[in-house]
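Hi,

Here is the model I promised to pass on. Have a look at it first, and my notes follow below.

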Amino acid sequence: MISRTRWLLRQLTRQLWFRATIFAAVGFVAAMAGVIAERYMGWEPPTRIATDTVERILDILASSMLAVTTFSLNVMVTAYGSATSNVTPRATKLLRQDSTTQNALGAFIGAFLFSLVGIIALGTGLYGDRGRLVLFAVTLAVVAFVITAMLRWIDHLSGLGRVGETARIVEETTRAALLDRAAAPTLGARACDPAYMTSSDHEPVTTRRIGYVQHVDLERLSAIAEDAGCAIHIEKPPGSFVFANDALARVHMDRGPAPDAETLGRMASAFVIEDQRSFDQDPRFGLSVLAEIASRALSPAVNDAGTAIDVVGRATRLLLEYANTRPEDDDVRFPRLRLAPLVAGDLLSDAFGPIARDGAAIIEVQLRLQKALGALARSGDGEMRAAALREARFALDHAEIALALDSDKQKLRDLNASIAAI
């Protein structure tokens, strides 16, 4: 669990413009290295570099980097459009945060600014013999760096926006969020108390915003609870949709009067509410996006059962890792906070429910779905086993209605019966 400041900083560093700005600043500093060498270093250069030599290289670099940057931006836009149409619009956020793409564009922009500043400085006579030698050496290093970035970018283009590559990125992102939640099921808080949920002796923490909870700063909430002498039950964890005046949390006082409006406002400010869900603290969102990829593949316009089967395998792998990572005892870092852990039934419903519905008439998908749920039922986790059995029965009910052949239905019945006997 990270604080709100660190979470906001993480979101900032994932933006394309942030890395491009960093590379541009580095390019500017690199171009000015020759000016610094000229003014503050008194050594005699071992050789002289003509102004025309460096200027020609910089001219080629500037014109080519401008063209490459424009081409790369067009490729990005095309890839985002392809992912939106063929995969799911929710996955384009991860494509925009792709580090290889951002580094490549940043390198091209930084090299362009470096060459542009170098040309201007050469034209104004800021470089002497020492400065031109340093500029020449830095230019060669920049050319080598750009070639390396371009080769990586070319290799990366082969999968950018493709269904399989996008599904892989979603899987990796979901795995990080899911394993983080497996290691800390309640994010360091205490598990929720059913008796407290039914108690009327509490004060709601409300918000006027409408949207999804992207992040909850538990460290800040815990500090406020310590100061106020209260316990806070978080009712809207990350991923929850809230309406205006919904209770984000409920406060139970240990001592003293009920918290005033200012304290309640500070508690509400610990919740980041935006228009869209975030992958970071919300592993259910990642599983839902994987299911969307499968549903799009199963649509009549696409009719790609292989992608749906691939998604079933990815989701099964994630959930098995989650079931095998969950600790026996939670590490309680915030004793005054209470939060409900993830429910296995919700995870399986998010991952497999849409596939069971949209692939009900495709026997290959249904067979793979039953086998995947059987593997989850054998995971050794009692909650996961019960949820897998329910989901397997749910998938079978859909298939019983949609499948045309009695032989296919019997295959599924036999397979489901073997799962129920586990």
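In which helix is the place of Ala388? Ala388 sits in helix α15. Before I go on, a word on the ground rules: this is a predicted model, so local features need pLDDT of at least 70 and side-chain atom pairs count only at pLDDT 80 or more, while totals for chains, interfaces and linings use all residues. Residues are numbered from 1 along each chain as its sequence is written, and side-chain values use heavy atoms, with hydrogens and water left out.

Helices and strands here are DSSP runs numbered from the N terminus (H or I with at least four residues for helices, E with at least two for strands).

Ala388 is buried, at a relative accessible area of 0%. (Buried means under 20% relative accessible area, exposed over 50%, and partly exposed in between, with a 1.4 Å probe and protein chains only.) Leaving aside neighbours within four places in sequence, Ala388 is in contact with Leu348, Leu373, Leu376 and Ala377; contact means heavy atoms within 4.5 Å.

Helix α15 (residues 382–402) packs with helix α16 (residues 406–420) at an angle of about 170 degrees, and their axes are 10 Å apart. That angle makes α15 roughly antiparallel to α16. (Under 35 degrees counts as roughly parallel, over 145 as roughly antiparallel, 65 to 115 as roughly perpendicular and the rest as oblique. Axes are lines fitted to C-alpha atoms, for helices over the stretch in contact, and angles run from 0 to 180 degrees between N-to-C directions.) On the α15 side the contact is made by Arg385, Leu389, Ala392, Arg393, Leu396, Ala399 and Glu400; α16 brings Lys409, Leu412, Arg413, Asn416, Ile419 and Ala420. By class, that contact has seven nonpolar, one polar and five charged residues. (Ala, Val, Leu, Ile, Met, Phe, Trp, Tyr, Cys and Pro count as nonpolar, Asp, Glu, Lys and Arg as charged, and the others, Gly among them, as polar.)

**α12 and α14**

Helix α12 (residues 305–325) packs with helix α14 (residues 363–377) at about 5 degrees, with the axes 10 Å apart, and that makes the two roughly parallel. Residues of α12 in this contact include Ala305, Ile309 and Leu320, and those of α14 include Glu364, Arg368 and Leu376. By class, there are 11 nonpolar, one polar and two charged residues in the contact of α12 with α14.

(The expected span is 1.5 Å times one less than the number of residues.) Among the buried residues of α14 are Ile363, Gln366, Leu373 and Gly374. What covers the buried residues of α14 includes α11 (283–298), α12, α13 (344–358), α15 and α16.

Three strands form an open sheet in the order β5-β3-β7, with antiparallel pairing. (Two strands pair if DSSP finds at least two bridges between them.) β5 (241–242) and β7 (271–274) stand at the edges, each with a single partner strand, so one side of each is left without a neighbour in the sheet. Five of the six residues of β3 are buried, so β3 is largely enclosed by the rest of the structure. Strand β3 (residues 211–216) pairs with β5 over two bridges, while four bridges join β3 to β7. Tyr212 has Phe241 as its bridge partner in β5 and Glu274 in β7; Gly211 stands opposite Val242 in β5.

The other open sheet has five strands in the order β1-β8-β4-β6-β2, with mixed pairing. Its edge strands are β1 (189–191) and β2 (203–206), each pairing on one side only. β1 and strand β8 (residues 334–339) pair in the parallel sense over three bridges, and Arg190 stands opposite Arg338 in β8. Helix α9 (residues 218–228) packs on this sheet, touching β1, β4 (230–234), β6 (247–253) and β8, and its direction makes about 120 degrees with that of β8.

Cheers
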